[in-house]
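Subject: Structure handover

Dear colleague,

I am passing on the structure below, together with some notes on what was found in it. Please keep it open beside you as you read.

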Amino acid sequence: MNYQWFTSPATEFYPLPDPLNLELGGSLAEVRVAYRTWGQLNPEGDNVILVCHALTGSADADDWWEPLFGLDRALDPSRHFIICSNILGSCYGTTGPVTPNPATGRVYGAEFPAITIRDMVQAQAHLVTALGIRRLQLVIGGSLGGMQVLEWALLYPERVAALAVIAASGRHSDWCIGLSEAQRQAIYTDPHWQGGYYTPDQVPAQGLAVARMIAMSTYRSHLSFQTRFGRERQAEGWFAVEHYLRHQGEKLVSRFDANTYVTLTKAMDRHDVACGRGDYEAVLAGIAQPTLIIAIDSDLLYPPSEQQELANWMPNAELAWIKSPHGHDAFLIEMAVLNDLVVAFQHPTHSRPVLSN
């Protein structure tokens, strides 16, 4: 057997042969999709798990979800052909705001067109077809990744056997939209923003850092911050939580792009599975695949009521819980529990794992 998870595979790139038509109008020429794979595709082309990443994630799923990879785990390359592609509009190899516009030769920057979750999934679908994949055994993702999972079920129902939607909603709430706008305004008010155009040595670093600090405050919970930081101070006089948030902001600035952040948060705000399809409840009722919905009891950003809503209206959905003090980010922290939940869903005869706080 080829145990490929012991070494991280190289990122590959698939150029779409034709322009990608966008849901909101227009098209993108010369789109390429960055992706990684683990394991081997079977002759039937149906032993496939597609992993969909979150807002600032990448195709490196074996990095940010490493505990889910391995023998008899949720993502087992000895049995599955696992694929994760960088989403359209991101800055880790797939076409996005940091990519040169073939019509001008200049980086798209703020001129990158408005995109939606459906556009991201359509780009993924072109890649899936090109790889000879006939059917996806499971599509799985958390947060923005979970939004993609739902769109896969609706856009390509005949190609998807099962779904795992983690800490996501069927439509972005006014709460989430407001928080996204606050983050974007932090970027816009940076003196280096200049309408979205900036040089590499004058990026809107402070604005992007502040946006990340706002976001990180919503990714965790009151109890998580209280337990980890309290009112402790560092030697230099800062509160420990101040130091943490500034550090998180600086880390994102070193690896991410401000125009990308704006593009992707706006795409998330547009997320609504019922848009153009009819009644919201009826659309969810039309998702027939077996579905694992995972809620996090302390999630402030996508509260459990939103996952309960999905489970109530999707006819073949089951609701499972991650009980954690860590808020929304628990799907990237409580990975042993997450793995057990997904494995139990993949193998229904297995006993359900016991959740712990």
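In these notes Ala, Val, Leu, Ile, Met, Phe, Trp, Tyr, Cys and Pro count as nonpolar, Asp, Glu, Lys and Arg as charged, and the others, Gly among them, as polar. This is a predicted model, in which local features need pLDDT of at least 70 and side-chain atom pairs count only at pLDDT 80 or more, while totals for chains, interfaces and linings use all residues. Residues are numbered from 1 along each chain as its sequence is written, and side-chain values use heavy atoms, with hydrogens and water left out.

By those classes, the lining of the largest pocket has 17 nonpolar, 12 polar and 7 charged residues. A pocket here is, on a 1 Å grid over the protein atoms alone, an open set of points where a 1.4 Å probe fits, with protein on both sides within 12 Å along at least five of seven lines, and its lining residues have an atom within 4 Å of a point. This pocket has a volume of about 840 Å³ (the space filled by probe spheres set on the points, which are joined across faces, edges and corners). Of its 36 lining residues, T56, R212, R255, D329 and L332 lie nearest its centre, and the largest share of the lining, 5 residues, comes from α7 (helices are DSSP runs of H or I with at least four residues, strands runs of E with at least two, numbered from the N terminus).

The second largest pocket, of about 370 Å³, is lined by 20 residues, with V98, Y198, V203, D257 and N259 nearest its centre. Both α5 and α8 give two or more residues to that lining, which by class has 14 nonpolar, 4 polar and 2 charged residues.

Finally, G45 lies in the loop between β4 and β5 and is buried, with a relative accessible area of 0% (buried means under 20%, exposed over 50%, partly exposed in between, with a 1.4 Å probe and protein chains only). Leaving aside neighbours within four places in sequence, G45 is in contact (heavy atoms within 4.5 Å) with G132, I133, R134 and R135.

With best wishes
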